[in-house]
Amino acid sequence: MRCGKCNEAHFGARWGATGGHCWNSGKRFVVPLDARVSNSCDMDTSNPAALVNAELLKMHVGRRVRALVQVLRKEGANFVGLSTDGHQLTIRDSPPLPLSNFVEVIGIAEGNQSIRAEICTNFGEKADSLVYNRLCQLANGEFKSLFL
Amino acid sequence: MFGGEYDSASLFSGGGFMPSQATQTPDSGFSPAKNRESQALLPLTVKQISEAHQTSDDKSNFVIDGVDVNNITLVGMVTDKLEKVTDISFHLDDGTGRIEVHKWVDDAMESNAMAELQNDTYVCVHGHLKVFQGKKQVSAYSCRVVTDFNQIPYHFLECIFVHKCNKKKLGSPAPSSVTAEINTPYKTNPGTYQSPASSKAFSRPTTILSDADLQQQVLAVFDEPRSISDESGIHVDYIVDRLGVPKNKVMQAITYHVDVGNIYSTIDDDHYKSTRNG
């Protein structure tokens, strides 16, 4: 649902609530009346995370994306990983957890080759990056309507 | 697939919100066949559900791609988990959107299993799509934590595949190239399994085959487990049949492979066998 004050989506708020705490400012926000009625707190598809490889990342700069990467090296709070189409990506602000060989990153696309991580999920030592890569292409191409 | 701990009655009773079997059966106008079809599990993305329209005022009557939607499969991340004594609810975010999921907890074993579900973990949900107090939600039969993460891309590919199939049934011209491109286990019906090299999707026009391509394909036939397990190797004509290439071309490729040591002749000049796993 969207905040009546800063007009940004706030997912922390319970459906059906008339307000909550703004994630950005920490201040209390009010859900606009029309949103309370029309949504009647239905589902929310306003902030999807597009499946991307390095090629498709460029098309989603500034938006939420998710990508499967193979971890190459740690650099402090960041790490460098190999995208499913074989390019190096910098993942910023990765959580201080031990990372497995393959990691799925959900976060904001900051640039052509960098993602600011929000959630990292360890996919383990083996993952089918070929299938994931093909899925990225389909989900941004012919079958975009199912995803975005 | 649900294991032994659920009996079918508790699986499909929907935790008390659905009308009981006794009241449902006489009222229902469906023929048994149609009823069974509508009970099938449909893999979906949340985005598809958000665009589903209701066919009537009935609280659980959705249509997606011309198919009645009742039971669905979703794969996504748990957020905003809320645990109560009788039920657990959370939002499932599959990257295309978020939907509320309810799971009624009947016994201690289930509640232990549900304790495994934590925020930001991937989960596979089988459930019933319905409208409750004006909003779409899923009443889950089972929620299981995803342990093999390939399940996530496979789920979405399955969504694409099922969407494409249903669109085709509707009669609208669907784009054609995809079945050949997505190589998932879901593509092949176990009843009509064909080995990839012989299926239509993989056969190529012979005219554009270069010698190197042909050599590779010939070797691929020799390297199939079936060919390797055959004591006397395989006959040249078999390869001609399989690849649909003129015999002299196949013989050229075979001569090449014999020369470089990839295959050797066996019982006669027409039978050859791969040196691999000899």
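**View 1. B:S265 and its partner across the strands.** In this predicted model, B:S265 has B:Y272 of strand 12 of chain B as its bridge partner. Strands here are DSSP runs (E, at least two residues), helices are DSSP runs too (H or I, at least four residues), and both are numbered from the N terminus. Three bridges tie strand 11 of chain B to strand 12 of chain B, and the two run antiparallel. Five residues make the hairpin link between strand 11 and strand 12 of chain B.

View 2. Chain B has an open sheet of three strands here, ordered 10-12-11, with antiparallel pairing (two strands pair if DSSP finds at least two bridges between them). Strand 10 and strand 11 of chain B are at the edges with a single partner strand each, so each has one side without a neighbour in the sheet. Strand 10 (residues 234-235) is joined to strand 12 of chain B by two bridges, and B:H235 stands opposite B:H271.

**View 3. Strand 12 of chain B, covered on both faces.** On one side of strand 12 (residues 271-274) are B:H271 and B:K273, on the other B:Y272 and B:S274, and all of these are buried (under 20% relative accessible area with a 1.4 Å probe, protein chains only).

**View 4. Where chain B meets chain A.** Here 40 residues of chain B touch 32 residues of chain A (contact means heavy atoms within 4.5 Å). The buried area is about 3200 Å², with 61% from carbon and sulfur atoms; that is the accessible area (1.4 Å probe) the two parts lose on being put together, summed over both. B:R98, B:F149 and B:I160 supply 17% of the area that chain B buries against chain A, more than any other three residues.

**View 5. The salt bridge between the chains.** The count between chain B and chain A is one salt bridge (a side-chain nitrogen of Lys or Arg within 4 Å of a carboxyl oxygen of Asp or Glu). The side chains of B:D93 and A:R64 form it, at 3.1 Å from N to O. Among the elements giving two or more residues to this side of chain B are strand 6 (87-93) and helix 6 (151-170). Helix 6 of chain B gives the largest share, nine residues.

**Notes.** Residues are numbered from 1 along each chain as its sequence is written, while chains are lettered from A and ligands numbered from 1 in the order in which they are written. Local features need pLDDT of at least 70 and side-chain atom pairs 80 or more, totals for chains, interfaces and linings use all residues, and side-chain values use heavy atoms, leaving out hydrogens and water.

Terms used:
Buried < 20%, exposed > 50% of the residue type's maximum accessible area, 1.4 Å probe, protein only.
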